[in-house]
Amino acid sequence: QIRWLRNNLEYHLLGNHLWANGKALVFGGLFFGGHIADEWLDKGIGIIETELKEQILADGGHFERSPMYHAIILEDILDLINLNRCLDNPRIGKLPLSEIAGKMLHWLSGMSHPDEEIAFFNDAAMGIAATPLQLYNYAASLGVKFERNRGTSFFSESGFFRMENDLITVIGNIGAIAPDYQPGHAHADTLSFEMSFRRQRVLVNSGTSCYRDGEERRQQRATSAHNTVTVDGLNSSEVWGSHRVARRAKIVSRSFENGVVVAAHNGFGRVIPECIHIREWRFVDARLEISDAVTGTDRHHIAAYWHLSPGLEADVDGRQVVLSESGKAIGVMIVPVGCQACLIQTEYACEFGKKADNTTILVEYIGSLPKNIITTFEFYP
């Protein structure tokens with residue numbers, strides 16, 4: 001099998017595929033003896049060296065911007081550290097694996113909710129990769145030093161942020177579709193975010209249940225499957241096929257100052273000239289306020305989707321949407337002035353092959369769009 005792999009490396013796919021090839025060659029080269037095994041080892045270490053520089057960003061994130069694939073690659077790196085502890089190979093020992101693992105663990109903790117599970121961006125699902133807690137424990141057993149991410153963070157290279165107060169945790173995407181040459185796991189989710197109240201997930205991106213091309217795959221990658229804004233039902237980036245992205249949203253501005261996050265993208269501009277979506281997140285006392293502005297859309301239909309975690313209930317009462325868990329109110333969403341909210345039934349995929357019913361709050365902007373539409377979430381202590 002290793003001999004076959006050596007002659008069929010996945011350079012046509014690159015990314016996590018080529019990385020896995022390199023890891024397999026390293027293990028095979030060390031397990032077997034002889035000049036052929038030595039060549040496998042040389043090739044595998046060469047791939048690992050190159051791909052560490054290519055795939056692991058300066059902020060510790062994996063360049064495919066998927067927390068699930070990030071966790072898979074991180075476990076691979078920990079396996080290589082573990083392998084070298086057993087065999088003390090000088091070439092593996094020269095690789096900065098522990099330093100890189102520490103940065104990746106920090107990133108992973110920042111991209112995990114208070115329930116200690118990953119956020120759902122870009123083909124992320126539970127049940128595939130090791131959990132964050134398993135990876136923390138694995139790293140600790142190998143003596144890898146890392147700092148858990150707490151509070152507010154901006155991962156500038158990978159394009160994500162985390163902000164939290166005593167009650168609310170927000171994890172959001174303000175980055176580009178990437179990597180540019182292999183965006184196969186990207187969703188049209190620019191300026192989307194997830195939110196937890198204490199350890200309870202409240203807003204969730206809709207997840208990933210399959211990779212096969214079809215309506216289910218297209219819907220789960222669509223902008224409307226994420227907590228963000230659509231214009232005329234368009235996707236912010238043109239996702240197609242099972243793993244393809246054509247015309248892509250570009251981040252035209254972003255800032256992260258004094259705990260306030262502001263970013264804008266031009267994804268709808270490929271169809272609607274001069275259309276820019278600008279979104280701001282900020283805490284005001286214990287409340288979270290999300291401000292949306294969309295330029296160049298006086299005669300276009302604008303809608304925002306707010307996907308609730310399964311098990312949460314919503315009740316629309318005018319401009320208030322009461323959020324409940326097991327019949328007990330936990331908070332309220334305030335609908336912007338001039339907007340209309342309704343509830344629709346949707347599906348949430350927390351694992352491959354598994355889906356659950358959930359409720360989505362659909363907010364439609366009626367009439368001329370004001371400069372800023374502010375949606376507020378407030379939770380009860």
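## The open sheet

Let's start with the strands: five of them make an open sheet, lined up as E1-E2-E3-E4-E5 with antiparallel pairing. The edge positions go to strand E1 (153-155) and strand E5 (200-203); each has a single partner strand, so one side of each is left without a neighbour in the sheet. On average, neighbouring strands here are turned by 15° against each other, direction ignored. Keep in mind that this is a predicted model.

Inside that sheet, strand E2 (residues 160-164) pairs with strand E3 (residues 168-173) over five bridges, in the antiparallel sense. If you want a spot to look at, find Glu164, which sits opposite Thr169 in E3. As background, strands of a sheet pair through backbone hydrogen bonds, either parallel or antiparallel.

Strand E17 (residues 339-351) and strand E18 (residues 354-365) run antiparallel and are joined by eleven bridges. Here Glu347 stands opposite Asp357 in E18. The two strands make a hairpin with two residues between them. In the turn, Gly353 has a positive phi of about 80°.

Helix H2 (residues 15-31) has 17 residues, and the distance from its first C-alpha to its last is 25 Å, close to the 24 Å expected at 1.5 Å a residue. Its buried residues are Gly15, Asn16, Leu18, Trp19, Asn21, Gly22, Lys23, Leu25, Val26, Gly28 and Gly29. What do the buried residues of H2 pack against? Their partners are helix H1 (2-6), helix H3 (35-55), helix H4 (67-87) and helix H5 (90-93).

Helix H6 is mostly covered, with ten of its 14 residues buried. Among those buried residues are Leu97, Ile100, Met104, Leu105, Trp107 and Leu108, along with Gly102 and Gly110. As for length, the end C-alpha atoms of H6 are 20 Å apart, which agrees with the 20 Å that its 14 residues should span at 1.5 Å a residue.

## The nonpolar cores

The largest nonpolar core has 43 residues. Which residues have the most contacts inside it? They are Met195, Trp281, Trp306 and Leu323. Trp306 is a handy one to click on: leaving aside neighbours within four places in sequence, its contacts include Phe193, Leu203, Ile290, Met333, Ile361, Val363 and Phe377.

In general terms, nonpolar side chains in soluble globular proteins tend to be buried together.

## Salt bridges

How many salt bridges does the structure hold? The count is 20. One of them joins the side chains of Asp115 and Arg201 at 2.8 Å, N to O. Asp115 lies in the loop between helix H6 (97-110) and helix H7 (132-141), while Arg201 is in strand E5, so the pair ties together parts that are 86 residues apart in sequence.

Glu238 and Arg247 form another salt bridge, with their closest N and O atoms 2.9 Å apart. Glu238 is partly exposed, with a relative accessible area of 26%, and Arg247 is partly exposed as well, at 46% relative accessibility. Salt bridges that share partners also link Arg212, Glu216, Glu347 and Lys355 into one network. Within that group, the side chains of Arg212 and Glu216 meet at 3.4 Å, N to O. Arg212 is exposed, with a relative accessible area of 58%, while Glu216 is partly exposed at 23%.

## Around Ser237

Ser237 sits in the loop between strand E6 (229-231) and strand E7 (239-240). Despite being in a loop, Ser237 is buried, with a relative accessible area of 0%.

What does Ser237 touch, not counting residues up to four places away in sequence? Its contacts are Ile177, Ala188, Val245, Arg247, Arg248, Ala249 and Arg270. Arg247 is also the salt-bridge partner of Glu238. His187 is 50 residues from Ser237 in sequence, with the two 7.8 Å apart in space, C-alpha to C-alpha.

Note on methods
Residues are numbered from 1 along each chain as its sequence is written. This is a predicted model: local features need pLDDT of at least 70, side-chain atom pairs count only at pLDDT 80 or more; totals for chains, interfaces and linings use all residues. Side-chain values use heavy atoms; hydrogens and water are left out. Helices (H or I, at least four residues) and strands (E, at least two) are DSSP runs, numbered from the N terminus. The expected span of a helix is 1.5 Å times one less than its number of residues. Buried means under 20% relative accessible area, exposed over 50%, partly exposed in between (1.4 Å probe, protein chains only). Contact means heavy atoms within 4.5 Å. Two strands pair if DSSP finds at least two bridges between them. Axes are lines fitted to C-alpha atoms, for helices over the stretch in contact, and angles run from 0 to 180 degrees between N-to-C directions. A nonpolar core is a set of buried Ala, Val, Leu, Ile, Met, Phe, Trp, Tyr and Cys residues joined through side-chain atoms within 4.5 Å. A salt bridge is a side-chain nitrogen of Lys or Arg within 4 Å of a carboxyl oxygen of Asp or Glu.
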